[in-house]
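Me: Can you walk me through this one? I'd like to start with a term or two before we get into details.

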Amino acid sequence: MTAAERARPRAAPRASLGTWLSDSWQMVKRNLIHIRRTPELLLDVTVSPIMFVLLFSLVFGGAIDVPRESYINYLMAGIFVQTIAFAGIYTGVLLANDLKNGMIDRFRSLPMAQSSVLTGRTLTDLLRATLAVAIMWIVGMLVGFRPGGGVLGGIGAVAVMLLFGFALSWVGVALGALVRTPEALQGIIFAAVFPLTFVSSAFVPTETMPGWLAWFADRQPMTLVTNAVRSLTLDGSGGPTFVPSILWSLAILAVCFPLGLWAYQRRTTQ
Amino acid sequence: MTEHAAPVIHARGLEKHFGATHALRGIDLDVPEGRILAVLGPNGAGKTTAVRILATLTRADAGEATVAGYDVRRQPEMVRANIGLTGQFAALDELLTGRENLEMIGSLYHLPVQRVRERAAELLARFDLEDAADRAVKTYSGGMRRRLDLGGSLMAEPPILFLDEPTTGLDPRSRLGMWDLIGELVAGGTTLLLTTQYLEEADRLADEIAVMDHGRVIARGTANELKGRIGGERLEVQVTHAEQVQAAHDALGRLAPDVRVDAGARRVSIPVTNTDGILTRAIRELDAAGVSLDDASVHRPTLDDVFLVLTGQPAEPDVDGADARAEQVAV
């Protein structure tokens, strides 16, 4: 390349779906290399879910009675959704850690789709969530989980929960970009997500709760998604909460996707 | 700069504040094509902020800037296609290998796959990183990181390069190595804006120097022009006995009118306007006056002296990683 060629101003590649996908793939690849070199990054989607399945089925299982089903069959949908929810929001912690890294400055100086830093992150976490679901499914079967919903029901259930997890990972992105430190975010996750998973149909039927709490539990998204997943895994049908659960996920995405992008831009442009 | 068309890097009245801190109080910068501007200043002068604005990482509160003819605020993606940036702290992925880092950056510049591989291999070889190419960056030394970081900025052979304190924290040998690399780049026609706290670095690498202090450009010019601002060379002698300082003053006063005396250090100096034989003549005069000397030298002003004259403070505070980090936090 001659000096004259060098000096001629270059045009940026036109922002297209192609460059956005390729940039996002580069980010996913980077995250996957991280996981390969530090496998402990997968503990939260491997060991924790196994522990939860065993803990709830073997320890609490004997004390909790649910109508019509064995407790393990009832429980699995709740465990799936709880794990997916935590893994989703946890995206925010991983992003907050990324933001502390000088690498973000490098990305900001490159002619890449800036949002691919975020889509790369959330897509990687979708893969992490898929791994978690697979592990839980297997461990569940080992301790007596017998889903009667068939293959289609199973695929439907996985799709519903992964969509929910993907939506929540954008909540994580927005929080991760808005909150100052990863530690603060951990606190927020604990304070917000824990009550939501327990005040839901995840572990016990909501009818056993006081009226006012059951009213809330029956209407919050964690219950809607759990019931849809439960119905799909056990009966192969979506049940009455299938459509509302999808709508919730889409609504969360519609709000948090742009909010996450905006917060990230704001955070990194300072 | 009049001999050139529009400068490749152009900034007018850039201002930036962070809370109550004014990082930039209205600076103008111009770098013509293929030239090197060194922005010289101590920690906290605003150098990094200026670079971050020009490289589209930060938005200015006021003022305007174009890079490669594109507005940094309105056309950041166009600017980014034309620049390489090497920041003060290596912007590398610690868990990736050197090669993976370069290849990722090349891919994000949207170079063809084959070109990404070739260029990464080429840079690893040129920057003496071949042996470490497939090791994770976390195992690299400081000098290796800087070289790899610079390599990342060069993946797409950008016509314009920003180097923010490229040698801060490096040992002297690594610093010399970086200087050679930078010298080669510019020989290839790259337009370069570099910031530095090292006067020697600015003097050695730059065509032009802008001296920054407290968010302002307080002086600009070539190294020689800046040195000229505090006067030219001076002949300086150190007398052996303090009581002979006055005699030395009188003797040297016969050669030039502007005699400066530092009685405490027993030093007396005069400007050297005409170098022909002045040292011999001075020594002869001093000897005739019975003054004995410990030292005599023709003292060429350094950029340190420039800084002292311009700001009333020495230019180089304790330069180490901790100070540099403090600036990063403040900025």
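Predicted model: local features only at pLDDT ≥ 70, side-chain atom pairs only at ≥ 80, totals over all residues.

Me: What pairs with β9(B) in the parallel sense?
Reply: That's β3 (residues 36–40) of chain B, over four bridges. One of the pairs there is B:Leu37 with B:Glu208 of β9(B).

Me: Is β9 mostly covered or mostly open?
Reply: Mostly covered: six of the six residues of β9 (208–213) of chain B are buried. In a regular strand the side chains alternate between the two faces of the sheet. For β9(B), one side has B:Glu208, B:Ala210 and B:Met212, the other has B:Ile209, B:Val211 and B:Asp213, and all of these are buried.

Me: Let's jump to the open sheet. What is the strand order?
Reply: The order is β2-β1-β4-β5 in chain B, four strands with antiparallel pairing. At the edges are β2 (21–31) and β5 (70–71) of chain B, each pairing on one side only.

Me: How many bridges hold β1 and β4 of chain B together?
Reply: Five, between β1 (residues 9–18) and β4 (residues 62–67) of chain B, in the antiparallel sense. As an example, B:Ala11 has B:Ala65 in β4(B) as its bridge partner.

Me: Which strands does helix α1 of chain B touch?
Reply: Helix α1 (residues 47–54) of chain B packs on the sheet and touches β1, β2 and β4 of that chain. The direction of α1 makes about 120° with that of β1(B).

Me: Zooming out, what about chain B as a whole?
Reply: Chain B has 12 helices and 14 strands. Of its 331 residues, 46% count as buried, and the C-alpha trace spans about 80 × 45 × 40 Å along its principal axes. Among contacts in chain B between residues at least 6 apart in sequence, 68% join residues at least 24 apart.

Me: At what angle does α3(B) pack with α4?
Reply: About 135°, with the axes of α3(B) and α4 (residues 113–126) of chain B 9 Å apart. The two helices are therefore oblique to each other, since angles over 145 would count as roughly antiparallel and 65 to 115 as roughly perpendicular. The crossing of α3(B) past α4(B) is right-handed.

Me: Which residues make that helix contact?
Reply: On α3(B), B:Gly98, B:Arg99, B:Leu102, B:Glu103, B:Gly106 and B:Ser107; on α4(B), B:Val116, B:Arg117, B:Arg119, B:Ala120, B:Leu123 and B:Leu124. They divide into five nonpolar, three polar and four charged.

Me: Where is B:Glu94?
Reply: B:Glu94 is in the loop between β6 and α3 of chain B. Leaving out residues up to four places away in sequence, B:Glu94 touches B:Ala136, B:Val137 and B:Lys138.

Me: Why does B:Glu94 count as partly exposed?
Reply: Because B:Glu94 has 17 other C-beta atoms within 10 Å, and buried needs 20 or more while exposed means 12 or fewer.

Me: Last one, over in chain A: is A:Val243 buried or exposed?
Reply: Exposed, because A:Val243 has 12 other C-beta atoms within 10 Å. A:Val243 is found in helix α11 (residues 242–269) of chain A.

Note on methods. Residues numbered from 1 in each chain as written. Chains lettered and ligands numbered in written order. Pairing = 2+ DSSP bridges. Contact = placed C-beta atoms within 7 Å. Axes fitted to C-alpha atoms, helices over the stretch in contact; angles between N-to-C directions. Parallel < 35°, antiparallel > 145°, perpendicular 65-115°, else oblique. Left-handed = near helix turned anticlockwise from the far one by under 90°. Nonpolar A, V, L, I, M, F, W, Y, C, P; charged D, E, K, R; others polar.
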